[in-house]
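Open the model in a viewer and keep the selection panel at hand. The stops below say what to select next and what is there.

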Protein chains: 2
Amino acid sequence: MPFNLKYFLPYRLRILYVTITHTFSPIYIKQFDLTPSEWRILASLAQFGQVTAKTLGTHSRMHKTKVSRAVCQLNKRGLITKIPNENDLRETFLEISDKGSIIYEKLALQAEEFDNQMMSCLNKQEQQQFTEIIDKLQQHAETNFTE
Amino acid sequence: MPFNLKYFLPYRLRILYVTITHTFSPIYIKQFDLTPSEWRILASLAQFGQVTAKTLGTHSRMHKTKVSRAVCQLNKRGLITKIPNENDLRETFLEISDKGSIIYEKLALQAEEFDNQMMSCLNKQEQQQFTEIIDKLQQHAETNFTE
DNA sequence: TATAATTAGTTACATTTAAAACTATTGCTA
DNA sequence: TAGCAATAGTTTTAAATGTAACTAATTATA
């Protein structure tokens, strides 16, 4: 079987990702003037509690300068709090603030609704299969191809 | 069930896409000094024959300025050919050149190998399921959420 | 058929991005 | 423990990106 772009994994994933994100991103952009990076960080902090910028970046595959700038912006708006690590002054723990939580809660509700709506084209079994497959691919990609 | 970022469709897709593309893109960047957009266009033209920049953009979800610049660059390097449409002088048909085809063939081989290696963590049945699910999601996203 | 509206594609401009260089701090090792 | 390597995070710089404005051509309409 010769190479077929249409079924090339990176190509397929990108097309789907671009399509989907273009329909969701206006939600946080328009309502709360958040960039995609800012939304990702806010949501991550809401879920994972105190973490460093480094951890945040690794976890959500964001470049450290991207994280740095988004964190700076969120901090400036008072949506997150910086807590210096006394044991290692190089790093800082980041935490979502009350003000940030209010925004997050509103967005999480809409994100959940969006996700349900998106996944509604799949039956329960397919949804299960999808999760398993994505996880397998993710793990495979990481273990075999990351430096 | 409360909102869980880890299972949020756009988030999951982005992480997987970023991980995977970061392992494949060095292949065309280092060997042939192609940008991701240029590689996508080259591969699209190799597969679909003569198409306009407009079609190319719609098909692969690329912004028209991105297409414009990538096409310009590929043309400058002689990897594609521009053929004016006599019936509508606004648009131009684009075609891969012999020189471009040589590069494409070499990359297609490696892309195929990469894809097989990536998909090898899934059994035949899962691969089939994956294709069906991605297609369903793509179609659902397009029909319900595109302007 | 003249004029307005639309479309394909390019260019100018402002923003966003990543690579590289940098600061500050900690860990390693000789 | 002195000095060198490594790390977290920021800033500088250059490249890539999208928005908006533009050109040139076509289509719609009055």
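A salt bridge here is a side-chain nitrogen of Lys or Arg within 4 Å of a carboxyl oxygen of Asp or Glu. The model is predicted: local features need pLDDT of at least 70, side-chain atom pairs count only at pLDDT 80 or more, and totals for chains, interfaces and linings use all residues. Residues are numbered from 1 along each chain as its sequence is written, chains are lettered from A and ligands numbered from 1 in the order in which they are written, and side-chain values use heavy atoms, with hydrogens and water left out.

**Stop 1: salt bridges**

Select B:Arg90 and B:Asp88, which form a salt bridge with the closest N and O atoms 2.8 Å apart. Accessibility is sorted by relative accessible area, computed with a 1.4 Å probe on protein chains only: buried is under 20%, exposed over 50%, and partly exposed in between. B:Arg90 is exposed at 75%, whereas B:Asp88 is partly exposed at 21%. Over all chains, the salt bridge rule gives a count of six.

Next, select A:Glu126 and B:Lys136, whose side chains meet in a salt bridge of 2.7 Å, N to O. This pair crosses between chains, from helix H6 (residues 124-145) of chain A to helix H6 (residues 124-145) of chain B. Helices are DSSP runs of H or I with at least four residues, numbered from the N terminus. A:Glu126 is buried, with a relative accessible area of 11%, and B:Lys136 is partly exposed at 36%.

Now select B:Glu126 and A:Lys136, a salt bridge whose closest N and O atoms are 2.7 Å apart. B:Glu126 lies in helix H6 of chain B and A:Lys136 in helix H6 of chain A, so the pair joins two chains. B:Glu126 is buried at 11%, and A:Lys136 is partly exposed at 35%.

**Stop 2: helix H1 of chain A**

Select residues 9-32 of chain A, the 24 residues of helix H1. The expected span of a helix is 1.5 Å times one less than its number of residues.

Where does H1(A) kink? Center on A:His22: a kink of about 35° lies there, shortly before the proline A:Pro26. The bend at a residue is the angle between axes fitted to the seven residues ending there and the seven starting there. Of the 24 residues in H1(A), 18 are buried, so the helix is mostly covered. Just after H1(A), A:Asp33 takes a positive phi of about 50°.

**Stop 3: DNA strand C**

Select the 18 residues around DNA strand C; a residue is near a strand if one of its heavy atoms lies within 4 Å of it. A:Asp88, A:Arg90, B:Lys54, B:Thr65 and B:Ser68 come nearest. On the DNA side, sugar and phosphate account for 62% of the atoms of DNA strand C that come within 4 Å of the protein.

Which helix supplies the largest share of the surface near DNA strand C? H4(B) does, with four residues. Helix H4 (64-76) of chain A, helix H3 (53-60) of chain B and helix H4 (64-76) of chain B each supply at least two residues.

Finally, show the phosphate oxygens of DNA strand C. A polar backbone atom of B:Lys54 is 2.5 Å from one, and a polar backbone atom of B:Ala53 is 3.4 Å from one. For B:Lys82, a polar side-chain atom lies 3.0 Å from a phosphate oxygen. Polar contacts are pairs of N or O atoms within 3.5 Å.

Definitions and conventions: A polar contact is a pair of N or O atoms within 3.5 Å; within protein, one must be able to donate a hydrogen and the other to accept it, and residues adjacent in sequence count only if both atoms are side-chain atoms.
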